[in-house]
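This report describes one protein chain, from its overall make-up to single residues. Please look over the sequence and the model before reading on.

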Amino acid sequence: MTKFASDVQLKNPTPKETMPELKINPKFRDLIPPLSEHELAGLEEDIKHFGCYTPIIIWNDTIIDGHHRYSICSRHKLVFKTEERKFEDEEAVMIWMIDNQMGRRNITTAAKIRLAMKKHEFLSESARKRQACGQGGVLLKENLPEANEKGQVRDLIGKDAGCSGKTVDKFLYIEEHAPELAEKVVKGESDDEGKRLTIDGVYIQTKTKQMRSEAIANLESIEAQEVKAIEGVYDVVVLDPPWDICTYGTYTETCGYGVGLPYPTMTLEEIKELELPCADDCHVFLWTTQKFLPKAFEILDHWGLEY
């Protein structure tokens, strides 16, 4: 039977007061998102006043939980307690560290997704090592984590992170197309207006910018081609101008992030300047939205049309 990190903890570990010089493994130290400056300052004040009452967890004399506490106690020469845990290898240690942090600290959903992704990598690597040892180096597919499709992996990661698989996909999209924003979402930072950045909000912002960029590139490609001018006049004209919806605050779900629609728009004055090839008794069908009806009538009047 395979033992995972949660199965190999010592039963009833006995804390002991000590001030030893513990080992620090950068892989363990950097695995978990660090405390913010505010959180770290609060922890330091608490330890200075009340002591380090939470034991520092170690494995082979190496810290696996309590790097901040150890640093504070060492700096102020304070006594602390340690608890020794036993694990098969470093992968098992890091899986335990991730599980321990998931239910313990108030970290963002984005940070949990990153940790869950690392956990999945460690589990896969552990499975490969076990198979290599038990099957003469031959990896058996059925003994690897049960997620062979991209969607299944995504859902497993989401389950560990406490979110949906779609949210995982959104965060991965942000990481690929806007890594600097991904870091801010992980840290729980706010935008220029003081609103906390979220995965959904930044995804809309990033996706919209990407779509807008692609739309502009397509338009530039079209404009580079020779287009035949409209000749003559017509009895029926249908047009759907790209209304500047964001300027008038009618699309706050997207435009609340200040990126506009995913395609270029026209101002009212630019729409008015369109020259329609209308015959004397022409019928014009102008596509608009409810909130733009007054502006639509204004445009029709400018064109000399009757409603």
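Helices (H or I, at least four residues) and strands (E, at least two) are DSSP runs, numbered from the N terminus.

## Basis of the report

The model is predicted, so local features need pLDDT of at least 70 and side-chain atom pairs count only at pLDDT 80 or more, while totals for chains, interfaces and linings use all residues. Residues are numbered from 1 along each chain as its sequence is written, and side-chain values use heavy atoms, leaving out hydrogens and water.

## Overall make-up

The protein has 12 helices and six strands. Of its 307 residues, 33% are buried; buried means under 20% relative accessible area, exposed over 50%, and partly exposed in between (1.4 Å probe, protein chains only).

Contact means heavy atoms within 4.5 Å. Among contacts with a separation of 6 or more, 73% are between residues 24 or more positions apart.

## Nonpolar cores

A nonpolar core is a set of buried Ala, Val, Leu, Ile, Met, Phe, Trp, Tyr and Cys residues joined through side-chain atoms within 4.5 Å. The largest one holds 36 residues, and I64, M97 and I113 touch the most other members. Two or more residues each come from strand 2 (56-59), helix 4 (90-102), helix 5 (109-134), helix 6 (150-161), helix 7 (165-177), helix 8 (179-187) and helix 9 (199-223). Helix 4 gives the most, with eight residues.

Leaving out residues up to four places away in sequence, I64 touches F28, I57, I58, W59, R85, F87, V93, W96 and M97. There is also a second, separate core of 13 residues, which includes V237, F292, L300 and W303.

## Helix 3 and the residue after it

In helix 3 (67-76), the buried residues are H67, R69, Y70, I72 and C73. Their cover includes helix 1 (26-29), helix 2 (37-50), strand 2, strand 3 and strand 4.

Just after helix 3, K77 takes a positive phi of about 55°. K77 belongs to the loop between helix 3 and strand 4 (80-84). With a relative accessibility of 67%, K77 counts as exposed.

## The loop between strands 2 and 3

D61 lies in the loop between strand 2 and strand 3 (62-65). D61 is not a glycine, yet its phi is positive, about 65°. The relative accessible area of D61 is 44%, so D61 is partly exposed.

N60 is placed in the loop between strand 2 and strand 3. N60 is partly exposed, at a relative accessible area of 48%. Not counting residues up to four places away in sequence, N60 touches K23 and E84. N60 and L22 are 38 residues apart along the chain, and their C-alpha atoms are separated by 9.5 Å.

Helix 7 has 13 residues and reaches 19 Å from its first C-alpha to its last, close to the 18 Å expected at 1.5 Å a residue. That expected span is 1.5 Å times one less than the number of residues. G165, T167, V168, F171, Y173 and I174 are buried in helix 7.

Helix 7 packs with helix 8 at an angle of about 130°, their axes 5 Å apart. Axes are lines fitted to C-alpha atoms, for helices over the stretch in contact, and angles run from 0 to 180 degrees between N-to-C directions. The two helices are therefore oblique to each other; angles under 35 degrees count as roughly parallel, over 145 as roughly antiparallel, 65 to 115 as roughly perpendicular and the rest as oblique.

From helix 7, F171, I174, E175, E176 and H177 meet P179, L181, A182 and V186 of helix 8. These contact residues divide into six nonpolar, one polar and two charged. Here Ala, Val, Leu, Ile, Met, Phe, Trp, Tyr, Cys and Pro count as nonpolar, Asp, Glu, Lys and Arg as charged, and the others, Gly among them, as polar.

T265 is in the loop between helix 10 (252-255) and helix 11 (268-272). T265 is partly exposed, with a relative accessible area of 26%. Apart from neighbours within four places in sequence, T265 is in contact with P242, W243, D244 and E270. From C-alpha to C-alpha, T265 and D244 are 5.2 Å apart in space, although 21 residues apart in sequence.

I299 is part of helix 12 (residues 293-302). I299 counts as buried, at 0% relative accessibility. I299 touches W243, L268, I271 and K272, not counting residues up to four places away in sequence.
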